[in-house]
Amino acid sequence: MTRTFELAGLIRSDNFIDGAWTPAQDNVRFAVTNPASGEIIAEVADSSPADACAATNAAARALPAWRARLPKERAAVLHRWHALIMANLDALGALISLEQGKPLAEGKGEVAYGASYVAWFAEEATRIYGDLIPQQQRGKRMTAVKEPVGVVAAITPWNFPLAMIARKIAPALAAGCTVVAKPAEDTPLTASALVLLAHEAGVPPGVLNLITASRDHAVAAVAEWLHDARVRKITFTGSTPVGKYLARESAETLKKLSLELGGNAPFIVFDDADLEAAVAGLMAAKFRNGGQTCVCPNRVYVQAGVYERFGALLAERVGALKVAPATDPAAQIGPMINSRALDKIARHVDDAVAHGARVLTGGKRLAELGPHYYAPTVLADATAAMQLNSEETFGPIVPLFRFEDEAEAVSAANDTPFGLAAYFYSEGVKRIDRVARALEAGIVGINEGAVASEAAPFGGVKESGYGREGSKYGLDDYLSIKYLCQGNLE
Ligand code: SIN
């Protein structure tokens, strides 16, 4: 029978190494707080390099047996894990909301979203094909086979505490790799709960190991993995500066890297767009997780002919959003993750207003609700001189930039070092083809704001990183190709 847990039963505060919950070797802990109130939820292990090394030891020991399992045996474990996640959807959703702050409906939605990657890669595990290369010489057979890369280190962010770690661990396990993982310091509890369920599902000891660490200790703990030659791959979702650091530091042992980094996505509304659809698409894309999503539109370009009308329609919808703690069933926007995030949002809005932006709605902290709330905001007359043009805001702020023609919009959209997602709305068939090809992004939403799916390749170009998660391509990042050349056959 599939076991279900109450929320409290899912909370673990130790590291999970070699199949056992163990405190940090230094016995140090750090507090995890509820961003809605600042209250402490749990005190979890604050790991050192020694804990990171213990995790790698376990993962390296477990690798030969796990990679030797039949793909359908690994798939069966992943299917059981998926069933357990779905059976515990309500409690996991509540845990996400508790430590991350997103409204409960979104927390539950994230559980189903994360679980969909586990189901997807359970299936993909059984489809890892190689190639028989057309014969080049008599008596010689050439084949290409795919093998797991080895021990994988997964480092995950706080904005989707379940989905991001699920979509890294699932393909790694499907491919036959073993894993050492470190979730973000703000949201370690959901990751630990997921590992608990993986253990329940029958993931063998050492195959999946998790350590937690505070902001002060995380760098040293992760450095242990970066410099350990047994760790063959790093998969990371987070900021571009951290991604660059991981690439630099792991270069000594030439690890394979998947980096899903910053976004600053453009969203273009052309004169010929269906304006109602464009407003709905922007609302869906922008306000998911309160704007704290790498693929959230951050720079909204609206053509002059529809600029004022679009701004008015949008401001009305944004002004009606309900901001409240995750526990309020009517909440649509929760608190931001911490005070640093809130300060950055406030700095961007203040700077924009100082440079001439008009506040159509919002534009202020909501201190009466708690320490980390900011009103959903629409700013008109945004310009390239503003900080929010070049820095990703990661909050519920929509700046509206005016443009005259297509070339100007595409050039402004591409004028960024980032290239994760981009969106545009137009009813023109030829324009759709031209703009889709011209946008420098790994993901393009065309008359659509909800782009994420386990069946689609998720990832960026330029300084948004490399590698793809999800889809039939997602497994390749965890595999290496071995060429076998067999002679003397005739
Ligand atoms: C992210 O914010 O990094 C991921 C969001 C998604 O999966 O849609």
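**Figure 1. The second largest pocket of the predicted model.** In this predicted model, the second largest pocket has a volume of about 430 Å³. Lining this pocket are 23 residues, and those closest to its centre are Glu 106, Phe 160, Ala 284, Phe 287 and Arg 288. Two elements, helix 5 (104-124) and helix 10 (275-286), each give two or more residues to the lining of the second largest pocket, and the largest share, five residues, comes from helix 5. Sorted by class, the lining of the second largest pocket holds 16 nonpolar, three polar and four charged residues.

**Figure 2. The shell of residues around the ligand.**

Figure 3. Which residue has a side-chain N or O atom 2.6 Å from an oxygen atom of the ligand? That residue is Tyr 113, whose side chain supplies the N or O atom at this distance. Arg 167 likewise places a polar side-chain atom 2.9 Å from an oxygen atom of the ligand, whereas at Cys 294 a backbone N or O atom lies 2.8 Å from a ligand oxygen atom. On its own the ligand has 260 Å² of accessible area, and the protein covers 100% of it. The space that the ligand takes up is the largest cavity.

**Figure 4. The largest pocket and the residues closest to its centre.** The volume of the largest pocket is about 1,100 Å³. Its lining is made up of 34 residues, and Trp 158, Phe 236, Gly 238, Ser 239 and Val 242 are the closest to the centre of the largest pocket. When the lining residues of the largest pocket are divided by class, 17 are nonpolar, 10 are polar and seven are charged.

**Figure 5. Helices and a strand in the lining of the largest pocket.** Which elements each supply at least two residues of the lining of the largest pocket? They are helix 8 (215-227), strand 10 (231-237), helix 9 (240-250) and helix 12 (339-354). With five residues, helix 9 provides the largest share of the lining of the largest pocket.

How values were computed. Residues are numbered from 1 along each chain as its sequence is written. This is a predicted model: local features need pLDDT of at least 70, side-chain atom pairs count only at pLDDT 80 or more; totals for chains, interfaces and linings use all residues. Side-chain values use heavy atoms; hydrogens and water are left out. A polar contact is a pair of N or O atoms within 3.5 Å; within protein, one must be able to donate a hydrogen and the other to accept it, and residues adjacent in sequence count only if both atoms are side-chain atoms. Accessible areas come from the Shrake-Rupley method with a 1.4 Å probe; for residues, only the protein chains shown count as cover. On a 1 Å grid over the protein atoms alone, a cavity is a set of points where a 1.4 Å probe fits but cannot get out, and a pocket is an open set with protein on both sides within 12 Å along at least five of seven lines; lining residues have an atom within 4 Å of a point. A molecule sits in a cavity or pocket if more than half of its atoms lie within 2 Å of its grid points. Grid points are joined across faces, edges and corners, and a volume is the space filled by probe spheres set on the points. Helices (H or I, at least four residues) and strands (E, at least two) are DSSP runs, numbered from the N terminus. Ala, Val, Leu, Ile, Met, Phe, Trp, Tyr, Cys and Pro count as nonpolar, Asp, Glu, Lys and Arg as charged, and the others, Gly among them, as polar.
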